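Let's explore a protein model together, one question at a time. Have a look at it first, then read on.

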Amino acid sequence: MSTSFAYLTRMSSPIGRLELTSDGQAITSLSIERDGHLPLEEHQERSNDVLERAVKQLGEYFAGDRKNFELPVSFGGSAFQRSVWERLGSLEYGQLTSYGELGLELGRPTAGRAIGGAVGANPIPIIIGCHRVLSSTGKITGYSGGEGIPTKLWLLTHEGIMLAA
């Protein structure tokens, strides 16, 4: 993650501490604690309105009271990555898709590996629901946030998605 940001805040959650950054207008990143650490933990918090709204909405999400985020987001990345992240942002609470379906929807049916890379590089997980992407067989193949697959499984279960064993 780039250390170029204007605002930073942290919050507790059932999946570990979260760290959010903002450029002053939008959310630019969300990191989930991994092995007790956050990427920007050496930096002081400096909140703003958009981060305060994000903390409130994430709290409501984890409490089961919010299904949709109403937050401005801004991310860099390539045009291809942004197209994947924008599609992920349109997935609704509890709605699943697969890497293959994403490729078909984006007109890139043979780009499974690139789709997977873009999903894994999502800079704003949870708010941009990359945890809602499974393999074409319905299996959890990985998750780059928090503690990996256990974090993804927690988020899916929280949204009422029960996967076959």
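Q: Which residues does Cys-130 touch, not counting residues up to four places away in sequence?
A: This is a predicted model, so the contacts are computed from its coordinates. Leaving out residues up to four places away in sequence, the ones Cys-130 touches are Leu-88, Val-119, Asn-122, Pro-125, Tyr-143 and Lys-152.

Q: Is Cys-130 buried or exposed?
A: Cys-130 sits in the loop between helix 4 and strand 5 (133-134). A residue counts as buried when its relative accessible area is under 20%. Cys-130 has 4% relative accessibility, so the answer is buried.

Q: For which feature does UniProt list Cys-130?
A: The listing comes from an unreviewed UniProt entry.

Q: How are helix 2 and helix 4 oriented to each other?
A: Helix 2 covers residues 79-89 and helix 4 covers residues 112-120, and their axes are 9 Å apart. The two pack at an angle of about 70 degrees. Angles of 65 to 115 degrees count as roughly perpendicular. Helix 2 and helix 4 are therefore roughly perpendicular.

Q: How many nonpolar residues does the contact of helix 2 with helix 4 have?
A: Helix 2 contributes Phe-80, Gln-81, Val-84, Trp-85 and Leu-88, while helix 4 contributes Ala-114, Ile-115, Ala-118 and Val-119. By class, this contact has no charged residues and 1 polar residue, and the number of nonpolar ones is 8.

Q: How far apart do the end C-alpha atoms of residues 9-74 lie?
A: The unreviewed UniProt entry lists residues 9-74 as "domain: Methylguanine DNA methyltransferase ribonuclease-like". This span is 23% helix and 21% strand. The distance between its end C-alpha atoms is 16 Å.

Note on methods:
Residues are numbered from 1 along each chain as its sequence is written. This is a predicted model: local features need pLDDT of at least 70, side-chain atom pairs count only at pLDDT 80 or more; totals for chains, interfaces and linings use all residues. Side-chain values use heavy atoms; hydrogens and water are left out. Axes are lines fitted to C-alpha atoms, for helices over the stretch in contact, and angles run from 0 to 180 degrees between N-to-C directions. Helices (H or I, at least four residues) and strands (E, at least two) are DSSP runs, numbered from the N terminus. Angles under 35 degrees count as roughly parallel, over 145 as roughly antiparallel, 65 to 115 as roughly perpendicular and the rest as oblique. Contact means heavy atoms within 4.5 Å. Ala, Val, Leu, Ile, Met, Phe, Trp, Tyr, Cys and Pro count as nonpolar, Asp, Glu, Lys and Arg as charged, and the others, Gly among them, as polar. UniProt positions are given in the numbering used here, feature names are shortened, and annotations may be inferred rather than shown by experiment. Buried means under 20% relative accessible area, exposed over 50%, partly exposed in between (1.4 Å probe, protein chains only).
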